[in-house]
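Subject: Structure handover

Hello,

Here is the structure I said I would pass on. My notes on what turned up in it follow below.

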Amino acid sequence: MVAKLIGTTGLVCNMLCTVGSGAGLVIGFLFFLINLGDTRKRTPSLRGMIVSKDNLMIIGTMTSALIYFLLVSRSTTMIGNEVFPGLLGAPIIEHSGAQLLTAGMLQAIWTMLCLYWLLPKVLGFGRLGRKIELSALISAGLCILYGVLSI
């Protein structure tokens, strides 16, 4: 019963992180398009538009958000399949515990790498805020915890 509660909580947290990172990707793409139009006025060549500092920062941030989105959406799918098995039942539960643990570890590593090194130091992007960082780390932790409990 406790495992189901942890799995459901992890599912909700991962869904919120998936929605948040997806919205961030859409907003980042809009900023990229706005900045691309502004850059086109300054530099007529295509290479000059893409290689500008602002565009490289936007592309780097969007790439890290895309990788995070893919990792979290995969974890959400695996937790959902394990907590609510559907018609397949036992065959999914047997295999997805170890896969969920692996996905949770990858998600936690990428989250910590992005939040504490890649975004602030490499891309020059400030901190996201305690609540956002905490929710991302909690969703990865719940994914790992449910993967351990389901093995």
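Which residues does methionine 78 touch, not counting residues up to four places away in sequence? In this predicted model, Met78 touches Gln99, Leu100 and Ala103.

Met78, Leu100 and Ala103 all belong to the largest nonpolar core, which has eleven residues. Also in this core are Ile6, Leu11, Cys13, Ile79, Val83, Leu142, Cys143 and Tyr146. At least two of the core residues come from each of helix H1 (2-42), helix H3 (53-83), helix H4 (90-122) and helix H5 (130-150). Another core, of seven residues, lies apart from it and includes Tyr68, Trp110, Cys114 and Ala136.

Thr18 is found in helix H1. Threonine 18 counts as buried because its relative accessibility is 15%, and the cut-off for buried is under 20%. A polar atom of the Thr18 side chain lies 2.7 Å from the backbone oxygen of Asn14. The Thr18 side chain also makes a polar contact, at 3.5 Å, with the side chain of Thr76. Leaving out residues up to four places away in sequence, Thr18 touches Phe69, Val72, Ser73 and Thr76.

Last, the largest pocket. Its volume is about 750 Å³. The lining has 27 residues, and Gly24, Thr61, Ala65, Leu119 and Leu128 lie nearest the centre. H1, H3, H4 and H5 each supply at least two residues of the lining, with the largest share, nine residues, coming from H1. By type, 18 lining residues are nonpolar, eight are polar and one is charged.

Regards

Note on methods:
Residues numbered from 1 in each chain as written. Predicted model: local features only at pLDDT ≥ 70, side-chain atom pairs only at ≥ 80, totals over all residues. Heavy atoms only, no water. Core = buried A, V, L, I, M, F, W, Y, C linked by side-chain atoms within 4.5 Å. Buried < 20%, exposed > 50% of the residue type's maximum accessible area, 1.4 Å probe, protein only. Helix = DSSP H or I, 4+ residues; strand = E, 2+ residues; numbered from the N terminus. Contact = heavy atoms within 4.5 Å. Polar contact = N/O pair within 3.5 Å; in protein donor to acceptor, adjacent residues only side chain to side chain. 1 Å grid on protein atoms, 1.4 Å probe; cavity = no way out; pocket = protein on both sides within 12 Å on 5 of 7 lines; lining within 4 Å. Points joined across faces, edges and corners; volume = space filled by probe spheres on them. Nonpolar A, V, L, I, M, F, W, Y, C, P; charged D, E, K, R; others polar.
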